[in-house]
Amino acid sequence: MRLPLIRRRASVASLAVAALVTGTVGGVLGAQAAPRVTLPTTVLAGDVLPGLQQARDLGPTAPGTKVLVGVVFAHPHAAAVSRLERRIYNKHSAEYHHFLTPVQFATRFGNSGAAFARVEAWAKRHGMKLAHANTTRDYFTVVGTAKQAEHTFDVSLHNYRFRGQRFYANTAAPRVPAGLGVTGVIGLNSLLKGSIPSQPTRRTASPKPAQSLCAPAVCVGLTTPQDLWSVYDAPTDNYGQGQQMAILGEGETDPVINDLREFEKLDGLPPIPVTVVHTEGPDADYSDSSGETEWDIDTQSSTGMAPEALGETLYFGTSLSDASLLDDLASWVQDPHGALQASMSIDECEENPLSSSTGIGLFGASTQYTESSEASLAQAVVEGRTLFNSTGDTGSSCPILPVDVNGVGNELYPVVNYPASSPNVVGVGGTVLYTDGTGAATTGLAPSGASRVAEYAWTFSGGGTSVTFPEPSYQKNDAAPPATGDCLDAPDGSPVTGQVPCRAVPDIAAQSGDVPTNGYSIVSGGVADSQGGGTSLSSPISLGLWTRINAAAPAVTSEDEKTTYPGLGFANDVYYPDFKAHSGDFFDVGGGASSPPTSNGYYASGPGDDYLSGLGIPDYELVTQHVDGGNTAPTHNVLPDYGSGSGSTGPNLDPCAAALFDDPSGDDAYIGDPNGGGSNPQLDIVAGNMTVSGSTLTTTMVINDLSTNQAQAAGAANIYYFLWNFTPPGGTATQYFTDVTVDSATQAVTYGDGTVSGNQFNDANTDTGSFNAGKNGTAVVNVPLANVGHPGAGAVLLAPTAQTRVLVGSSLAGGFVEQADGAGPRYDFQLGAVCPTPSPTPTATSSATASASATPTPTPSSSSTVAPPGLPLPGIPGGGSSPSPSPTASSTPNASPKPTATHSATPSPTPSRTAHPTASPTPGTPAKAHPPSVRFQHQKATRHHARRLVITVVSHGSRITKLLHVHLRHCEWSLGSAHPKHFKGGRAKLRIIVTDRHRGTAGKVAFRVVDAAGQEIFVAARV
């Protein structure tokens, strides 16, 4: 599962710039000096606003204005992607539901990497920096000033005003490299962008009933999650376990997450883990708060419908510009650990075929934006993902002029909103819902029992017929399709000849409210019982309820034949066939006494499929039963890692388990991996466990293979995280972590711990540990219990999980941290838990049985838990407290391997620093009383010599026999007068003299020695 953003400690300063972002292709490191690149260019005549002369020219745009510009490439494989999509969703095809992973899709359908890199370098030649790059090599964005953009694309930017709207735009068509596949430039004007619905009416009502504003037999006010679970008949044994969700948006997220936490407290819901992915890099400005209420609606309605989903990820850019929205969409689609379902409550007018003649007065989404967006949406469907999108709040029209927050009304222009009109999106319309008020004012995971009295289509809900996208196959098979209109143009802007029926919008519906009274109760700006409404409520509600359907689905098989988490694929390929086979699975909006017909302007709701509500509102219990083979319970029944603020008891407790969690092999994958998923066994988690000895907690991660060398870093560094939740005595619930960080340049290994607050990992302490090479190698951290809340005997550490990450790019110039694998939770961990003694083996056995059961059984003590023997989890002792070693422990299949690397470093600003390696004893062998220590002493530079560093290894009785390796960045080293071969035991010293040619540059030292007992000591520290 995905986890929050990470801040690294000072001892790994190269990671300080890392942020969890997607799109690490080509020259991802904008901090490096941009090369001088000259390429033949061509003019993109269509990339200038038509009718710009209608607007008032206010003069040149200020040179320092921040500009985000996207570069679009051709999609030569679009037809092949479309053919594959048809096979994946054809039950008679051998490829049915063989969804691709993002890495597989990029490998199979991505553009030329060489051409992409050349254009990227060209776009950065005047100082613009890379903000995002698609792994499919068909789109990237660069950010810079207006002056830099003008030089880069050979244009002039001017400010304009038209009908009260102020914007900047390029006065002439841009120039781009010729012959390298570039088809468009997005972002040289600030007019074309998305819109979000109006702000809700804030009100306070406490205590909150099931639905407020009730008259006899009918309630018209605000609903709660528990109300909607009852009215929409959501499965009561399924709250989204095992699934993840995503929200696409922009701007500031901290207030949104704070409001979500208050909403969860008021409704008695668990605090779902939230991860923020900043899609334009860590240095961009995400301070815009104008859409805060919109994101409150999105997060609180989606998680309210699926409160036990594994987590929700916010893919947020810097604005509602087309360029930024494309970054959001691609970041979700190309995230190898991304959710199978997402919602985006952002719309703009569908591409307008008349814009070239009517000018900016009747604008529409640009051809370049539409084609690039469609490429990402088609990829999502091939990967088995679904995007839900609101149909808009302007009835049968669309917003003629884009504004950040549009009003509720019908603007008469009969065009639907995009991307709801895309055949690869589930468009969601809005309804007004009245209940009977009989439901109790419930909180927690209990439906209120409310019943629907009436539900009708909202008169400002978006809907109608597309003029661009042909009727998709799932609508052609619809039992009662509305009379569709004919297409006028294709997505590439070319005219359509003949009569081609176009797509109908929406597909389904959910509550939107009616603005004056009806809606969904949220916390907005810290104010409880605020009104959330509009179709931007309908979309995330549908996202959360679909998540429950997906949670009950059987496991699917990916293209590489590796089983993944459950999923049904694209939702429209589920809803439409089910509607045809079981029309009673949908509440017919506009088709009965409890749902009178209404109109949104040009279109009216009525029996069956219509332009206001689509198929209607799914009965989620019935749909789940019919599409999931009669099952409604989650098939991957894993609770989320609730983190700070959780009162959850976690999954369960099993002190006899061989591991707290395990994970399939070969499922590692990260964006930017040149070799594809499953190619980094050093990042592939196998299992994990915890043990306690005295006042020390030890976390252990078993990794598929660490056999090549000490670090095995796939990028500039690997990071291994172990996380859990605990409420300290008298304190608040806290999420703690340990981590092992490996630097590929120095081979340095550091160990530490810290806490998670909000979306940030906060490093607190440096610890000891070991990083043990080999097949099923281990990453081990020994953390004092005092560092992690002082848990005492009997304390339970909730929902342990693990995660590996890789730093892609140069550790010196900065890079991107990408998640590679995640595991857990499965069992909780209790300090001092005891596994019962196994029953003795019967004596009357056959020779074959006796041979098979010859492994001795360890005898547990009163203060330890011993794992059952014979479990194939090398390196993992039993759950609970530390096992007491038995004389035969080293021969049991699950005995711990001998540690090969230990380290602890205490940084200090003074010239003299000391590192104290602590070697964990091999089971069954005596521990050394005094492990070797290391001291550093700087010597001043002289006229003839650079600064020297003397490193002294003090053996403390464990005779050093061999020096394996010394590595210092920017330094030369030589052995001092005392060579290891001269050591005779006792308190011997090894002096290593290092000459620093950079005269004082701080760096890292890392070396390995072997003592007489064969113990390999690995030491790494900053100097």
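The legends below describe close-up views of a predicted model.

View 1. Leaving aside residues up to four places away in sequence, Trp 332 touches Ala 246, Leu 248, Tyr 315, Ala 339, Leu 340, Gln 341, Ala 342, Ala 380, Arg 385, Thr 386 and Leu 387. In soluble globular proteins, nonpolar side chains tend to be buried together.

**View 2. Strand S16, enclosed and paired with two other strands.** Strand S16 spans residues 311-317, and because 7 of its 7 residues are buried, the strand is largely enclosed by the rest of the structure. Both of its faces are covered, with Gly 311, Thr 313, Tyr 315 and Gly 317 buried on one side and Glu 312, Leu 314 and Phe 316 buried on the other. Strand S14 (residues 244-250) runs parallel to S16 and is joined to it by 7 bridges, and Glu 250 has Gly 317 of S16 as its bridge partner. Strand S15 (residues 274-278) also pairs with S16 in the parallel sense, here over 5 bridges, and the bridge partner of His 278 in S16 is Phe 316. Between S15 and S16 the chain passes through helix H7 (residues 292-305), and this β-α-β crossover is left-handed.

**View 3. An open antiparallel sheet of 5 strands.** The strands of this open sheet follow the order S32-S33-S34-S40-S39, and their pairing is antiparallel. Its edges are formed by strand S32 (661-662) and strand S39 (768-772), each of which pairs on one side only. Within the sheet, strand S34 (residues 696-706) and strand S40 (residues 774-784) pair in the antiparallel sense over 10 bridges, and Thr 700 stands opposite Val 780 in S40.

**View 4. Helix H12, a covered helix.** Helix H12 covers residues 535-551, and its 17 residues reach 24 Å from the first C-alpha to the last, close to the 24 Å expected at 1.5 Å a residue. The helix is mostly covered, since 17 of its 17 residues are buried.

View 5. A search of the whole structure finds 8 salt bridges, including the one between Arg 175 and Asp 154, in which the closest N and O atoms are 3.5 Å apart. This pair links distant parts of the chain, 21 residues apart, with Arg 175 in strand S9 (residues 175-177) and Asp 154 in the loop between helix H4 (146-153) and strand S7 (157-162). Arg 175 counts as partly exposed because its relative accessibility is 31%, and Asp 154 is likewise partly exposed, with a relative accessible area of 47%. In a further salt bridge, the closest N and O atoms of Glu 383 and Arg 385 are 2.9 Å apart. Glu 383 has 5% relative accessibility and so counts as buried, and Arg 385, at 4%, counts as buried too. The side chains of Glu 455 and Arg 452 also meet in a salt bridge, at 2.8 Å from N to O; here Glu 455 is buried, with a relative accessible area of 0%, whereas Arg 452 is partly exposed, with a relative accessible area of 25%.

View 6. The peptide bond from Tyr 418 to Pro 419 is cis, with omega near 15°, and Pro 419 lies in the loop between strand S20 (417-418) and strand S21 (426-435). Val 505 and Pro 506 are likewise joined by a cis peptide bond, for which omega is about 5°, and Pro 506 is placed in the loop between strand S24 (502-505) and strand S25 (508-511).

**View 7. Positive phi in two residues other than glycine.** Arg 137 has a positive phi, near 60°, although the residue is not glycine, and is found in the loop between strand S5 (129-133) and strand S6 (139-145). Its relative accessible area is 18%, and because buried means under 20%, Arg 137 counts as buried. Asp 529, also a residue other than glycine, has a positive phi near 55°, but Asp 529 is found in strand S27 (residues 527-532). Asp 529 is buried, with a relative accessible area of 7%.

How values were computed:
Residues are numbered from 1 along each chain as its sequence is written. This is a predicted model: local features need pLDDT of at least 70, side-chain atom pairs count only at pLDDT 80 or more; totals for chains, interfaces and linings use all residues. Side-chain values use heavy atoms; hydrogens and water are left out. Contact means heavy atoms within 4.5 Å. Buried means under 20% relative accessible area, exposed over 50%, partly exposed in between (1.4 Å probe, protein chains only). Helices (H or I, at least four residues) and strands (E, at least two) are DSSP runs, numbered from the N terminus. Two strands pair if DSSP finds at least two bridges between them. A crossover is right-handed if, with the strands pointing away from the viewer, the path from the first strand over the helix to the second runs clockwise. The expected span of a helix is 1.5 Å times one less than its number of residues. A salt bridge is a side-chain nitrogen of Lys or Arg within 4 Å of a carboxyl oxygen of Asp or Glu.
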